Amino acid sequence: MNRILFFFVLKVDQLKFLDWHALSFDVDSGHCLGLMGRSGSGKTLLLRAIADLDVNEGKVSLNGQFRDDMSGREWRKKVGLLASESKWWHELVGQHFNSSALNLLSDLGFSDESVLSWKVSRLSSGEKQRLALARLLSRSPGALLLDEPTANLDSDSVSLVENVIRRYSEERSVPVIWVAHDELQLNRVSDIKMSMNEKKLDQYI
Amino acid sequence: MIIGDIVSLPTERISLACVLIMILALTTWRADLRLARPLLIASLRLIIQLSLVGLILEYVFEINNFLLVTLIALVMLLVAGREVSVRQKYRVSGRWGYGIGTCSMFVSSFAVSIFGLAAIIRAENWWDPRYSIPVLGMLLGNTMTAVALSLDRFTTYVWEGREIIEAKLMLGHSPQEALKMILRDSLRAGLMPVINSMAIAGIVSLPGMMTGQILAGNSPVDAVRYQIVIWLLIAAGCGFGSMLVVQMASKRVFDERERLRTDRIYKV
């Protein structure tokens with residue numbers, strides 16, 4: 001049992017980007033790594049490097065499958081990166097979804113599917129953030145890289161989002177890296193905390 | 001003075017046209033529009049460049065040598081390729097920036113010209129400079145604009161839309177999917193001017209080549225047949241050239257890991 005659990009993991013080995021120290025850490029399946037650090041300390045860059053959006057070196061694997069053995073596109077389908085600011089390119093919300101997200105939408109506080117026919121230009125920043133999460137989860141990624149997923153939300157929505165992410169991670173044994181400024185939130189959602197400091201990662205207790 | 005059917009233009013009558021430009025320059029200068037200088041320089045360049053070309057072409061037609069024609073064609077091509085990359089607001093970095101323009105000009109003008117000369121016009125020598133140089137010149141002039149416009153739109157849209165492109169990549173889109181709308185819009189931008197000109201040809205404006213042939217005493221019906229061929233070649237050249245330039249540029253803005261590399265585009 002332990003060995004199987006060990007296998008389902010996001011493994012980051014000697015990851016190097018810009019002029020940083022090489023970073024190595026694991027996130028076990030169903031676990032959440034909380035990541036803190038001052039603004040500009042590079043938390044977003046770390047998530048982008050793991051998702052292979054910026055030039056970087058190092059071995060990263062998910063469930064034993066190495067990033068370098070697949071195309072960038074296949075890798076990014078597996079590790080779902082939620083950017084701190086969501087982007088929308090079609091006119092209507094529903095055009096951004098390619099599969100049913102009905103349960104997700106109601107869990108995230110949207111009463112029914114009519115939100116899919118809303119115009120993107122009329123969404124509030126909080127609605128955009130929750131819908132971006134639904135859009136990401138509806139594609140069933142095998143790991144979650146979340147960049148301040150609750151930054152624009154009121155406290156009710158914060159707990160909705162926390163619950164949705166926790167349930168997703170537990171039900172599907174998905175490792176999560178959660179970037180946040182709110183230490184209390186990381187105490188609630190994460191199993192380990194780390195902080196970004198001087199171009200390296202420190203364990204944080 | 002009349003030679004054959006055509007009225008030859010003596011220098012003093014050409015200078016009458018220059019007088020018009022002088023008056024325009026003077027007017028803009030007095031209105032402080034800051035146009036007089038570029039206007040005069042451009043007019044001067046036009047006169048000098050075209051006079052030189054006239055002399056060179058006279059010589060080339062006389063010698064009628066394949067290598068010489070090839071050499072001139074290559075020079076024209078390289079200048080056009082450079083022009084394409086210079087006209088960009090955001091340039092693709094490195095040797096690629098120049099290569100992309102030249103390569104697509106080669107396809108859009110060179111290849112299409114050869115096809116037109118050898119398969120359609122079929123002069124005794126298909127490369128006869130009397131046909132090949134004007135045809136290549138017209139194709140280069142027109143397709144250069146289309147290719148430069150498509151590339152400019154493409155790099156601008158990629159730069160301005162980089163966050164949306166990356167958002168699509170994050171959701172597992174391939175580079176082709178992430179660029180689809182940008183590709184479509186930049187090709188449209190390059191091709192619409194040609195499509196519009198073809199649609200109004202003969203009604204609003206008489207195309208230059210046809211006008212030239214008519215002035216030279218050819219029958220309008222013959223002139224029109226040439227003009228139709230040339231326009232169709234131009235449209236084909238613009239289309240293939242724009243598609244190629246945008247295709248090559250989109251290869252360049254992604255790397256082997258399918259990352260968007262905006263560091264390979266720089267603003268001039």
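## Chain B at a glance

Chain B has nine helices and four strands, where helices (H or I, at least four residues) and strands (E, at least two) are DSSP runs numbered from the N terminus. Following the sequence, the elements of chain B come in the pattern β-β-α-α-α-β-α-α-α-α-α-α-β. Along the principal axes, the C-alpha atoms of chain B fill a box of roughly 75 × 55 × 35 Å.

A word on reading this tour: it describes a predicted model, in which local features need pLDDT of at least 70 and side-chain atom pairs count only at pLDDT 80 or more, while totals for chains, interfaces and linings use all residues. Residues are numbered from 1 along each chain as its sequence is written, and chains are lettered from A and ligands numbered from 1 in the order in which they are written.

Of the 268 residues in chain B, 30% are buried. Buried means that 20 or more other C-beta atoms lie within 10 Å of a residue's own, exposed means 12 or fewer, and partly exposed is in between, with C-beta atoms placed from the backbone. Among contacts in chain B with a separation of 6 or more, 73% link residues 24 or more positions apart; two residues are in contact if their C-beta atoms, placed from the backbone, lie within 7 Å.

## Two domains in chain B

Chain B is divided into domain 1 (1-63) and domain 2 (66-267), with bounds that come from an automatic or database domain assignment. The C-alpha centres of domain 1 and domain 2 of chain B lie 28 Å apart.

Six residues of domain 1 of chain B are in contact with nine residues of domain 2 of chain B. On the domain 1 side, helix H2 (residues 36-63) of chain B gives the largest share, four residues. By class, that side has five nonpolar, no polar and one charged residue. Here Ala, Val, Leu, Ile, Met, Phe, Trp, Tyr, Cys and Pro count as nonpolar, Asp, Glu, Lys and Arg as charged, and the others, Gly among them, as polar.

## A kinked helix

Now look at helix H7 (residues 175-200) of chain B, which has a kink of about 40 degrees centred on B:Met181. The bend at a residue is the angle between axes fitted to the seven residues ending there and the seven starting there.

The buried residues of H7(B) include B:Pro175, B:Ile182 and B:Val194. Helix H5 (129-160), helix H6 (162-170) and helix H9 (220-252) of chain B are among what covers the buried residues of H7(B). Just after H7(B), B:Gly202 takes a positive phi of about 90 degrees.

## An enclosed strand in chain A

Why is strand E3 (residues 32-36) of chain A largely enclosed by the rest of the structure? Five of its five residues are buried, so E3(A) is largely enclosed. A:Cys32, A:Gly34 and A:Met36 lie on one face and A:Leu33 and A:Leu35 on the other, all of them buried.

E3(A) runs parallel to strand E8 (residues 176-179) of chain A, joined by four bridges, and A:Cys32 stands opposite A:Val176 in E8(A). Four bridges also join E3(A) to strand E9 (residues 192-197) of chain A, again in parallel. Two strands pair if DSSP finds at least two bridges between them.

## Where the chains meet

Twelve residues of chain B are in contact with 15 residues of chain A. The chain B side of this meeting has five nonpolar, two polar and five charged residues.
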